[in-house]
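Open the model in a viewer and keep the sequence panel beside it.

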Amino acid sequence: MTQPIILSIAGSDNTGGAGIQADIKTCCAFRSYAATVITGVTAQNCYGVYGVEPVSMSMLDAQIDAIFQVMTPGAVKTGMLPSPEIIVRVAEKMQEYEVKNLIIDPVMVATNGGNLIPPGKQTINAFRESLMPIASIITPNVKEASALLGKEVKNADPLKTCREIIATTRAKAVLLKGGHSDNPEIAIDYLYDGDTLTPFASKRIDTENTHGTGCTLSSAIACGLANGMTLTEAVSQAKAFISKAIESAKDLKISKGPGMLDFFAS
């Protein structure tokens, strides 16, 4: 008996709602096995990010090498990569181990508004020039897409924006997440694979409990790809999973203030 293996290369969220912790819970919900490489430790909660400490480059290398010595992940997802040097090294390691299904969630700002990676051109360039060109799919939200393109994209044409993201990053596909847009009733994510634009619409749910949605979505996509789904099937399944997790979390009272998803709602 085997299980699909998902490798998450991301940061630790001490509240357990995002980062490595969210990735593990998502994999468990999909009956997949979660292996992890921790890129950094954060001190955060719903009110802010109080500290980020990256791991050393030698520890990053050692974690990745130890995983691939004994496991062959069916998919790898990245989350918080807290320095340009770590972004570049992860890209090098993914090429070294010939990773096939690589999902890049360009985590830049936490749900609470705090910076998780150093802002600026050096970080953006590291994503665009080293990691994203080898990605199977990248999953930026509107703010992250704006940073990648160097211009505001909130109200821009989605097909044009997705084409520009692919041209800029050279990723194979992009899922442009619309959860941060201004539409009060519907959130629409757009999947573009270089040929076809596929919209995924979902009703907005009136809740503050949305911490970790980006991490969870990218992990769910990884689970689908590791199970042999097409990219469209994996995104569709992940979107349905997120909707249930948010809907069920409306009445969860785990922490003071905005809270977490219900990972096991379905």
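This is a predicted model: local features need pLDDT of at least 70, side-chain atom pairs count only at pLDDT 80 or more; totals for chains, interfaces and linings use all residues.

Next, select Cys 27 and Cys 223. A search of the whole structure finds 0 disulfides. For Cys 27 the nearest cysteine sulfur is that of Cys 223, at 4.0 Å, and Cys 27 is in no disulfide; the cut-off for a disulfide is sulfur atoms within 2.5 Å. Cys 27 has a relative accessibility of 2% and therefore counts as buried.

Move on to the loop between α1 (19-29) and β2 (33-45), and pick Arg 31 there. Arg 31 is not a glycine, yet its phi is positive, about 55°. With a relative accessible area of 59%, Arg 31 is exposed.

Glu 98 is exposed, at 59% relative accessible area.

Select helix α2 (residues 57-70) together with helix α3 (residues 84-96): their axes are 11 Å apart and pack at an angle of about 25°. α2 is therefore roughly parallel to α3. The crossing of the two, α2 and α3, is right-handed. To see the contact, show side chains for Met 57, Leu 60, Asp 61, Ile 64, Asp 65 and Phe 68 in α2, and for Glu 85, Ile 86, Arg 89, Val 90, Lys 93, Met 94 and Glu 96 in α3. Coloured by residue class, the α2 and α3 contact residues give 7 nonpolar, 6 charged and no polar.

The last stop is helix α5 (residues 142-149) with helix α6 (residues 158-169), whose axes come within 10 Å and cross at roughly 50°. α5 and α6 are therefore oblique to each other. The crossing in which α5 passes α6 is left-handed. Select Ala 145, Leu 148 and Leu 149 in α5; they meet Thr 161, Glu 164, Ile 165 and Thr 168 in α6. The residues of this contact of α5 with α6 comprise 4 nonpolar, 2 polar and 1 charged.

Note on methods:
Residues are numbered from 1 along each chain as its sequence is written. Side-chain values use heavy atoms; hydrogens and water are left out. Axes are lines fitted to C-alpha atoms, for helices over the stretch in contact, and angles run from 0 to 180 degrees between N-to-C directions. Helices (H or I, at least four residues) and strands (E, at least two) are DSSP runs, numbered from the N terminus. Angles under 35 degrees count as roughly parallel, over 145 as roughly antiparallel, 65 to 115 as roughly perpendicular and the rest as oblique. A crossing is left-handed if the near helix is turned anticlockwise from the far one by less than a right angle, and right-handed if clockwise. Contact means heavy atoms within 4.5 Å. Ala, Val, Leu, Ile, Met, Phe, Trp, Tyr, Cys and Pro count as nonpolar, Asp, Glu, Lys and Arg as charged, and the others, Gly among them, as polar. Buried means under 20% relative accessible area, exposed over 50%, partly exposed in between (1.4 Å probe, protein chains only).
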